[in-house]
Amino acid sequence: TATSTPVPTQTPGAPGTMHVGSLAGVSAKLAKGNWQARVTVSVHDSVHGPVGGATVTLSWSAGALASSACTTAADGTCTATSGTIARNVSTVTATVSDITHGTLTYASADNHQTSVVVAK
């Protein structure tokens, strides 16, 4: 007779919620030594599925644009871009400050990550 091995499961967050799954940042050089930071955000629902149509607002440190926003595609990801950053600034930090959606509530306590440092 065959026996089955139990499969471990993750405990989902509260139903009807969403959170940050991951953040990844890259930099791009601009004219005259200035640069920009780009951050890709992944938004998940309570069972870690992708959330499309969520608007993510990020705040930036170190003289970058005060805030920027992007809206997630069907795969749950979007990319936000900072303003122009002076060449003498070597890193900036992007922090998710809010996520809004028509039917889901942002559960920041469930975030896997809330900020990312992007180096020039």
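**Strands and pairing**

Author: Let's start with a pair: strand S2 (residues 35-45) and S5 are antiparallel partners, joined over five bridges. Within that pair, Ser42 faces Thr77 of S5. The model is predicted, and residues are numbered from 1 along each chain as its sequence is written. Local features need pLDDT of at least 70 and side-chain atom pairs count only at pLDDT 80 or more, while totals for chains, interfaces and linings use all residues; side-chain values use heavy atoms, with hydrogens and water left out.

Reader: Why do S2 and S5 count as paired?

Author: Two strands pair if DSSP finds at least two bridges between them. S2 and S5 have five bridges, so they qualify. S1 and S2 also qualify, with 11 bridges in the antiparallel sense; there Leu23 sits opposite Val41 of S2. S1 and S7 run parallel and are joined by two bridges, so this pair meets the rule of at least two. Met18 has Tyr106 of S7 as its bridge partner.

Reader: What do these strands form, and which of them stand at the edges?

Author: Four strands make an open sheet with mixed pairing, in the order S5-S2-S1-S7. S5 (77-81) and S7 (105-106) are the edge strands: each has a single partner, so one side of each is left without a neighbour in the sheet.

Reader: How many helices and strands does the protein have?

Author: There are zero helices and eight strands. Both are DSSP runs numbered from the N terminus, with helices (H or I) needing at least four residues and strands (E) at least two.

Reader: Why is Ser68 called buried?

Author: Buried means under 20% relative accessible area, exposed means over 50%, and partly exposed lies in between (1.4 Å probe, protein chains only). Ser68, in strand S4 (residues 67-71), has 11%, so Ser68 is buried. Across the 120 residues of the protein, 35% are buried.

Reader: What makes Ala24 partly exposed?

Author: Ala24, which belongs to strand S1 (residues 17-29), has a relative accessible area of 43%, so Ala24 falls in the partly exposed range.

**Contacts**

Reader: Which residues does Ala24 contact beyond its neighbours within four places in sequence?

Author: They are Arg38, Val39 and Thr40, where contact means heavy atoms within 4.5 Å. Ser68 touches Val56, Thr57, Leu58, Trp60, Ala80 and Thr81, again leaving out residues up to four places away in sequence.

Reader: How do you know that the side chains of Ser68 and Trp60 make a polar contact?

Author: A polar contact needs a pair of N or O atoms within 3.5 Å; within protein, one must be able to donate a hydrogen and the other to accept it, and residues adjacent in sequence count only if both atoms are side-chain atoms. The side chains of Ser68 and Trp60 make such a contact at 2.8 Å, which is within 3.5 Å.

**The disulfide**

Reader: What makes Cys70 and Cys78 a disulfide?

Author: The rule asks for a pair of cysteine sulfur atoms within 2.5 Å. Cys70 and Cys78 have an S to S distance of 2.1 Å, so they pass. The protein has one disulfide by this rule, and both Cys70 and Cys78 are buried.

Reader: Why is the disulfide called right-handed?

Author: The torsion about the S-S bond of Cys70 and Cys78 is about 45°, so the disulfide is right-handed.
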